[in-house]
Amino acid sequence: MANVKIGVAFHPQHTTAAEFLRGWQAADELGVDSLWAWDHFFPLTGDPNGASFEAWTLLAAAGVQTRRAEIGCLVHGMSYRNPALLSAMAKTLDHFLGGRLILGLGAGWFERDYDEYGYEFGTAGERLRNLERGIEVIKERWAIDEPKPPRGTIPILIGGGGEKVTLRITAQHADLWHGFGTPEEWGHKNRILDEWCAKVGRDPSTIKRSVTIGDERWDEPITDVGPHEDRLEQYIAAGAGLFTYGSASPFDLAPIRALVAWRDGRRG
């Protein structure tokens, strides 16, 4: 039986620092495997000028106040993150987390983040080139700068499903891949990733596979896993191992408890 993990992505919008921290700490105590934020400067839903917290300082401030879960972002936009500096920031935080950081990276897509903060949005191709070169720089810095990351390196997650470029970059550079869609859609992308692994000479089993299974921005909370169990098993059959649930303020722990119980029940 496949060993699955549960992640929770708390939306850092329309909330307070105290509420967000309570949510992360409560989920950590419930035994989730990973905790996530996102990297946007403005809300993605609701009041576009409402409260929103910056991703990296959030990871540092809240992450060190958790004890168990891995910590990461789905995902940092490389186009507005200097890669050499990001390598040092990630390494520093990972030391203070005791080796629990996952560095989630993507090309970026929300144009308002760029326009209002003075970054060049450019084309999708340019942002993808920034992503690939940025990952190369990050790995180069980890290899030469002191102190080294506590595990020697830091797992890199790449989010996105572009079949021609994003999944090729994932095959070459990532330790985890995160995607979206129905089991059929996600499974198709997963097979394309396997094909890219074969083309670049990468063992596909060395890349862990993650999927968003629900998001309270659009979906009803998963208060009972039962009605969703067949769908979850379809993802597992397609290759998924990490299931990430999106939680919006006010953060409800019931879906998280249900998913952790489902995970533990499968482990038997």
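The lining of the second largest pocket in this predicted model divides into 8 nonpolar, 7 polar and 7 charged residues. The pocket itself has a volume of about 340 Å³, and 22 residues line it, of which K5, L176, K208, R209 and L242 lie closest to its centre. Two strands stand out when this lining is traced back to the secondary structure: β7 (176-179) and β8 each supply at least two of its residues. The largest share, 3 residues, comes from β8.

With that picture in hand, attention can turn to the largest pocket, whose volume is about 640 Å³. Its lining is made up of 35 residues, and those closest to the centre are L74, H178, F180, T212 and R217. Several elements each give two or more residues to this lining, namely the strands β1 (5-10), β4 (76-77), β8 (208-215) and β9 (242-247), together with the helix α8 (229-238). Which of these elements gives the largest share of the lining? Here, that share comes from β8, with 4 residues. By class, the lining of the largest pocket holds 15 nonpolar, 15 polar and 5 charged residues.

Strand β7, for its part, joins β8 in giving at least two residues to the lining of the second largest pocket.

Conventions
Residues are numbered from 1 along each chain as its sequence is written. This is a predicted model: local features need pLDDT of at least 70, side-chain atom pairs count only at pLDDT 80 or more; totals for chains, interfaces and linings use all residues. Side-chain values use heavy atoms; hydrogens and water are left out. On a 1 Å grid over the protein atoms alone, a cavity is a set of points where a 1.4 Å probe fits but cannot get out, and a pocket is an open set with protein on both sides within 12 Å along at least five of seven lines; lining residues have an atom within 4 Å of a point. Grid points are joined across faces, edges and corners, and a volume is the space filled by probe spheres set on the points. Ala, Val, Leu, Ile, Met, Phe, Trp, Tyr, Cys and Pro count as nonpolar, Asp, Glu, Lys and Arg as charged, and the others, Gly among them, as polar.
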